[in-house]
Amino acid sequence: MKTRILLLAGGQSGEHEVSINSAKSVLEALPKDQFEITTRVISKQGRWLGAGESLQALSSGAAESGGELMLAGASSAGEFDVVFPLLHGPMGEDGTVQGLLTLGGIPFVGSGVLGSAAAMDKIMAKQVFAAAGLPQVPYAAALRSEWRAAPDAVRARAEGLGYPLFVKPANLGSSVGISKVRHPGELDAALNLAFSYDRRVILEAMTQGKPRELEVGILGNDAPRASVVGELSFDAEFYDYDTKYTEGRAQMHIPARVPAEIAEQVREYALTAYRALDCAGLARVDFFYLEDSGTVFINELNTMPGFTTTSMYPKLWEASGLSYSELVARLVELALEAR
Ligand code: ATP
Ligand code: MG
Ligand code: MG
Ligand code: MG
């Protein structure tokens with residue numbers, strides 16, 4: 001009998017379109033003799049579209065509205081063997097959908113509530129990384145209510161870190177809402193932007209100079225494996241949304257052009273981060289590498305990385321000997337594995 005998969009895509013976050021693109025690739029690649037796949041797109045308003053409407057949304061690239069209430073939609077998830085929540089950002093990658101599926105007793109691909117929530121929130125993840133002894137840049141946290149009531153206290157945290165620094169919504173991805181702040185005159189606008197996305201914001205010291213960017217794929221449950229290390233290069237101030245998603249703006253190098261001992265160190269750190277956050281299934285762990293000093297910093301861990309056929313995560317596994325369709329089939333297996 002074929003495994004019945006419910007593929008969830010879209011969602012309410014700023015990464016709605018990114019998710020739809022990933023879902024199209026998965027839909028095309030899953031071996032049809034093994035799997036029966038139904039896609040349900042979640043609109044930007046959080047409602048679940050029916051199968052027909054979902055296919056329309058996949059071809060148009062987005063679903064602004066439409067669909068039924070989430071709980072009604074989710075009740076149909078019980079008709080499937082596995083759910084693949086190919087959702088990025090809040091209300092999808094952050095443990096909320098994972099909680100719903102856990103309550104429903106429905107196996108799903110990827111990390112559970114704990115790993116998803118802890119990894120999504122950059123402030124929480126940094127605290128966990130620190131406890132695990134992983135090297136990272138200095139940072140500070142701020143709440144929207146603090147920014148409203150005592151903006152000078154928040155500005156002082158930025159001064160403490162020095163410039164340039166990065167201001168980010170704590171729970172988001174695809175660089176949405178992130179600013180590189182070069183001097184104090186740019187700080188307020190960056191904070192206002194980040195707080196328009198999240199009540200929690202992180203301020204991060206920039207690495208000493210523009211870093212090289214390394215990424216590792218992790219695959220597995222309690223005995224995870226690390227892929228070869230990949231590298232991204234681009235001609236931009238930082239790896240922002242346009243650089244990420246405009247064809248030809250960023251180049252992928254697999255394997256990364258780094259000494260073997262750096263690659264090994266990064267793979268080890270990635271596994272440590274994955275275990276520390278209690279992840280499952282998959283994750284892409286991102287690092288900064290400073291060639292001059294030979295230092296590596298962990299940046300973040302993404303529990304549901306971009307998943308088109310040309311995205312870094314599947315490419316890393318392809319280079320490690322697992323084709324795109326084998327990778328998806330393995331993720332489904334891991335979702336069904338008793339732990
Ligand atoms: P993703 O799409 O991978 O989920 P994200 O939205 O979670 O990304 P980050 O990875 O935290 O965002 O940051 C985006 C980019 O900003 C990084 O890839 C890097 O180019 C730059 N950047 C972020 N923080 C720093 C830092 N502390 N020092 C130097 N560059 C940074
Ligand atoms: Mg991220
Ligand atoms: Mg992400
Ligand atoms: Mg990133």
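On a 1 Å grid over the protein atoms alone, a cavity is a set of points where a 1.4 Å probe fits but cannot get out, a pocket is an open set with protein on both sides within 12 Å along at least five of seven lines, and lining residues have an atom within 4 Å of a point. In these terms the second largest cavity is lined by Glu 93, Gln 98, Val 109, Gly 110, Ser 111, Ser 116, Thr 303 and Met 304. The model is predicted, so local features need pLDDT of at least 70 and side-chain atom pairs count only at pLDDT 80 or more, whereas totals for chains, interfaces and linings use all residues. Residues are numbered from 1 along each chain as its sequence is written, chains are lettered from A and ligands numbered from 1 in the order in which they are written, and side-chain values use heavy atoms, with hydrogens and water left out.

- A polar side-chain atom of Glu 300 lies 2.8 Å from an oxygen atom of ligand 1, a backbone N or O atom of Tyr 239 is 3.0 Å from an oxygen atom of the ligand, and a polar backbone atom of Ala 205 is 3.0 Å from a nitrogen atom of the ligand.
- On its own, ligand 1 has 620 Å² of accessible area, of which the protein covers 96%; accessible areas come from the Shrake-Rupley method with a 1.4 Å probe, and for residues only the protein chains shown count as cover.

- Of the 24 residues that line the second largest pocket, Phe 108, Gly 110, Gly 112, Ala 335 and Arg 339 lie nearest its centre, and the elements giving two or more residues to the lining are α4 (96-103), α5 (113-120) and α13 (324-336).
- With four residues, α13 gives the most to the lining of the second largest pocket, which by class has 13 nonpolar, eight polar and three charged residues.
- Because domain 1 (3-108) and domain 2 (119-135 + 210-336) both give residues to its lining, the second largest pocket lies between them.

**Cavities**

- The largest cavity is lined by Ala 119, Lys 122, Ala 125, Lys 126, Phe 129, Asn 299, Glu 300 and Leu 301, with α6 (122-131) and β12 as the elements that give two or more residues.
- The largest share of this lining, four residues, comes from α6, and the lining of the largest cavity divides by class into four nonpolar, one polar and three charged residues.
- The second largest cavity has a volume of about 40 Å³, and its lining has two nonpolar, five polar and one charged residue.

**Backbone and loop details**

- Most residues other than glycine have a negative phi, and most peptide bonds are trans.
- The peptide bond from Tyr 163 to Pro 164 is cis, with omega near -5°, and Pro 164 sits in the loop between α8 (151-161) and β5.
- The peptide bond from Ile 254 to Pro 255 is also cis, with omega near 0°, and Pro 255 belongs to the loop between β10 (250-253) and α11 (260-276).
- Met 91, a residue other than glycine, has a positive phi near 65° and lies in the loop between β3 (82-85) and α4.

Definitions and conventions: A polar contact is a pair of N or O atoms within 3.5 Å; within protein, one must be able to donate a hydrogen and the other to accept it, and residues adjacent in sequence count only if both atoms are side-chain atoms. Ala, Val, Leu, Ile, Met, Phe, Trp, Tyr, Cys and Pro count as nonpolar, Asp, Glu, Lys and Arg as charged, and the others, Gly among them, as polar. Domain bounds come from an automatic or database domain assignment. Grid points are joined across faces, edges and corners, and a volume is the space filled by probe spheres set on the points.
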